[in-house]
Amino acid sequence: TVRIPDMCGVVRFNFLNDLSRRTTIKTRIWAESGGKRYQVARIDREDTHEVGGSVLLELMDAIQKSASTKPDIVLIADYAKGVCHQDIVCPLLPIRERVIVDPPRGQSWEKYRGMGCLVPNRVEAAGFSPREIATDLDLEAAIVKLDRDGCEVFGPDPTIGKRRESVLAAIPAAKVDVTGCGDAFIATLGM
C-alpha cells in the first residue's frame, strides 16, 4: 500500500498493487479533417476479473477503516473492471446515505441497493426515470445525466420535507471532449 499524505485534511489516497493484473493500456487512434479531430478507433488492453485474495482483503480493510471515520461523502465510479463488487460495497452499508455511485453500463446495480444516490447517464438508465431507479433500489436519491439536456433528479427537497422530481437544464457550451465528464459530475455533486 502506498499512502499519499492528507492535503488540507480532505483527501487520502490508498493504492494497492495487484500483481495478477497487468497495467491498463488505452490506445486511441485519431484522424483530422477540416481542422477537427475525430476518434476513429479505441484499443484497450486491460484485465476485468474480480479482485481477490490478499488484495481483496487489504482493499476491504482499507474501505472498512475509512468508513468507520464517517466521511462526509464517498464517491464510487464503477467502471466494471472487477473492483467494485459486493464484497467491496458491504463495508459501506453503515454510511450508505453518504455514498454516491456512478454505476457500470450493462451490469446489475443490485449491489448498490440502499445507497445514497445512483447517477447513471441516459444510456445506462435505459429509459427508467430517477424515481423508478430510486424506488426500485431503495435509494435516497437518483440522478439521470441527460448530457446536453441537463439532468433529471429525484431526491429529498428540504423545503417541502419529502422527495420530489425535477429537471435541471444544462448550460449550453461549445462542443468539447466529454472524456471524464461522469467523474467530474459526481465529484461536483459530492462537494
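The buried residues of helix H4 (130-137) are covered by, among others, strand E7 (117-118), helix H3 (122-125), strand E8 (141-145), strand E9 (151-157) and strand E10 (162-168). Here buried stands for under 20% relative accessible area, exposed for over 50%, and partly exposed for what falls in between, with a 1.4 Å probe and protein chains only. Helices (H or I, at least four residues) and strands (E, at least two) are DSSP runs numbered from the N terminus. The model is a predicted one, in which local features need pLDDT of at least 70 and side-chain atom pairs count only at pLDDT 80 or more, while totals for chains, interfaces and linings use all residues. Residues are numbered from 1 along each chain as its sequence is written, and side-chain values use heavy atoms, with hydrogens and water left out.

The buried set of H4 consists of Pro130, Ile133, Ala134 and Leu137. These residues share one side of H4, because they cover an arc of only 95 degrees around the axis, the arc being that of the directions from the helix axis to the C-beta atoms. Thr135 and Asp136 are exposed on the face turned away from that buried side. H4 lies across E7, E8, E9 and E10, at about 140 degrees to E8; axes are lines fitted to C-alpha atoms, for helices over the stretch in contact, and angles run from 0 to 180 degrees between N-to-C directions. After H4 comes Asp138, with a positive phi near 55 degrees.

Val55, Leu56, Leu59, Ile63 and Ala67 are the buried residues of H1. They lie on the same side of H1, since their arc around the axis is only 100 degrees. The opposite face of H1 carries the exposed residues Ser54, Leu57 and Ser68. Lys70, which follows H1, has a positive phi near 55 degrees.

What do the strands build? Six of them form an open sheet of mixed pairing, in the order E5-E6-E7-E8-E9-E10; two strands pair if DSSP finds at least two bridges between them. E5 and E10 are the edge strands, each pairing on one side only. E5 and E6 run parallel and are joined by four bridges, and Val74 stands opposite Val99 in E6.

A nonpolar core is a set of buried Ala, Val, Leu, Ile, Met, Phe, Trp, Tyr and Cys residues joined through side-chain atoms within 4.5 Å. The largest such core has 28 residues, of which Ile76, Leu92, Tyr112, Leu118 and Ile133 touch the most other members. Beyond its neighbours within four places in sequence, Ile76 is in contact with Cys84, Leu92, Val99, Ile100, Val101, Asp102, Tyr112 and Ile186. A second, separate core of eight residues includes Ile100, Val119, Cys151 and Ile186.

Two alanines complete the picture. Ala80, in the loop between E5 and H2, has a positive phi near 60 degrees and is partly exposed at 23% relative accessible area. Ala126, in the loop between H3 and H4, has a positive phi near 50 degrees and is exposed at 57%.

Key:
Contact means heavy atoms within 4.5 Å.
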